[in-house]
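Let's take a walk through a protein model together.

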Amino acid sequence: MTALHRSKNPTDEPLVLGFETSCDETGVGIVRGNTLLADAVASSVDEHARFGGVVPEVASRAHLEAMVPTVQRALSEAGVTLADIDAIAVTAGPGLAGALLVGAAAAKGYALALDKPIYGVNHLAAHICVDQLEHGPLPEGCVAMLVSGGHSSLLFVPDVTGDVQPLGQTIDDAAGEAFDKVARVLGLGFPGGPLIDKAARDGDPDAIAFPRGLTGPRDAPLDFSFSGLKTSVARWVEKRERAGEKVPIADVAASFQEAVVDVLTRKAILACKERGADHLLIGGGVAANSRLRVLAEERAAKAGIRVRVPRPGLCTDNGAMVAALGSELVRRGRTPSELDFPADSSQPVVEVIAR
């Protein structure tokens with residue numbers, strides 16, 4: 001399929017339909033330029049809660065059931081029809097293989113039926129680009145920190161449509177995964193991020209000295225590690241329980257959360273300084289964490305760095321972020337994907353568009 005070029009009328013931006021199914025959220029977004037017209041999400045989180053985590057097969061089946069109703073809801077919300085759509089974007093990876101296949105198959109079906117160009121896009125690049133829907137065009141050469149259940153990454157972004165450079169990433173558990181596991185230890189439920197954030201509000205972040213992973217002088221300065229922290233929390237709780245002592249859930253939650261956001265923000269500011277970037281963009285589900293937002297703002301202000309964080313609803317997985325990246329690709333005249341592009345569960349961030 002050929003690239004769709006922008007109309008000569010600058011106010012007549014292409015209308016892009018975006019699909020996101022990398023995990024347990026069926027997201028369908030509709031964007032015109034940098035204007036969000038619809039953001040419909042169907043979550044299967046309740047179906048996974050009894051398992052304490054996302055079950056890939058359950059997620060895939062939920063996407064199948066939710067896809068058409070979610071598309072219809074997005075079209076209704078935007079006040080448009082399928083005939084109005086100019087281009088389609090879909091998450092090609094990374095993510096759960098089966099879940100990605102559902103979204104890719106649906107998007108390809110719509111693209112083929114409508115005879116419109118399709119862009120298989122990178123999930124992480126979409127998390128970066130969604131900020132444009134709130135704060136306008138990205139500054140050239142910003143640093144992005146993406147933190148979610150599957151990813152903890154620091155990226156340098158000269159051009160979100162084709163030049164995204166990895167700076168650091170987790171070597172074990174992602175930050176969001178650690179939140180889920182610690183929440184399970186504390187009996188708070190799933191997903192863990194919002195529950196720990198809530199519990200921590202009544203706790204003392206300095207009550208327990210949990211470790212800060214990969215912060216030693218010989219450690220990789222921009223990589224992350226949260227496995228040891230998760231284990232430390234579990235052992236601390238087990239020790240209290242064996243002694244027959246009450247576990248101070250609020251203090252544990254606050255101290256654990258502080259350990260995570262301390263490391264995240266410290267390394268993000270370091271990355272900005274090393275790259276000479278005066279803007280830090282934070283995205284992904286953990287970006288909705290209230291303490292992360294506060295500490296990032298405090299440390300960035302001292303370093304003369306501006307922080308950009310989308311509203312919480314755009315931090316978690318959604319179709320709006322995919323449509324936003326698709327819109328930017330269309331406006332830049334980037335060549336769309338071939339219709340037979342693969343869904344790649346480990347697609348590297350340097351591959352913004354699947355071929």
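How do the residues of the lining of the largest pocket divide into nonpolar, polar and charged? There are 15 nonpolar, 18 polar and 9 charged. Here Ala, Val, Leu, Ile, Met, Phe, Trp, Tyr, Cys and Pro count as nonpolar, Asp, Glu, Lys and Arg as charged, and the others, Gly among them, as polar.

Before going on, some ground rules. What you see is a predicted model, where local features need pLDDT of at least 70 and side-chain atom pairs count only at pLDDT 80 or more, while totals for chains, interfaces and linings use all residues. Residues are numbered from 1 along each chain as its sequence is written, and side-chain values use heavy atoms, with hydrogens and water left out. The pLDDT is the predictor's confidence in each residue, from 0 to 100. Its mean for this protein is 95, and 97% of the residues reach 70 or more. Over residues 5-10, though, the pLDDT is below 50.

Back to that largest pocket. A pocket is an open set of points on a 1 Å grid over the protein atoms alone, with protein on both sides within 12 Å along at least five of seven lines, and lining residues have an atom within 4 Å of a point. This one holds about 1200 Å³ of space, a volume being the space filled by probe spheres set on the points, which are joined across faces, edges and corners. It has 42 lining residues, and C23, S148, G149, G150 and D180 are the closest to its centre. Helix 6 supplies the largest share of the lining, 6 residues. (Helices are DSSP runs of H or I with at least four residues, strands are runs of E with at least two, and both are numbered from the N terminus.)

The second largest pocket has a volume of about 230 Å³. Strand 7 gives the most to its lining, with 4 residues. That lining has 7 nonpolar residues, 8 polar and no charged.

Now look inside. In soluble globular proteins, nonpolar side chains tend to be buried together. A nonpolar core is a set of buried Ala, Val, Leu, Ile, Met, Phe, Trp, Tyr and Cys residues joined through side-chain atoms within 4.5 Å; buried means under 20% relative accessible area, exposed over 50%, and partly exposed in between, with a 1.4 Å probe and protein chains only. The largest core here has 50 residues, and L154 and F256 are among those with the most contacts inside it. Helix 9 gives the most to this core, with 13 residues. In helix 9 (residues 249-275) you'll find V261, which is buried at a relative accessible area of 0%. Beyond its neighbours within four places in sequence, V261 is in contact (heavy atoms within 4.5 Å) with N289, R291, L292 and L295.

Most residues other than glycine have a negative phi, and most peptide bonds are trans. Yet G93 and P94 are joined by a cis peptide bond, with omega about -10 degrees, and the bond from F190 to P191 is cis too, with omega near -5 degrees. P191 sits in the loop between helix 6 and helix 7. D115 has a positive phi, near 55 degrees, and is exposed at 63% relative accessible area. L214 also has a positive phi of about 55 degrees, but L214 is buried, at 19%.

Technical notes: 1 Å grid on protein atoms, 1.4 Å probe; cavity = no way out; pocket = protein on both sides within 12 Å on 5 of 7 lines; lining within 4 Å.
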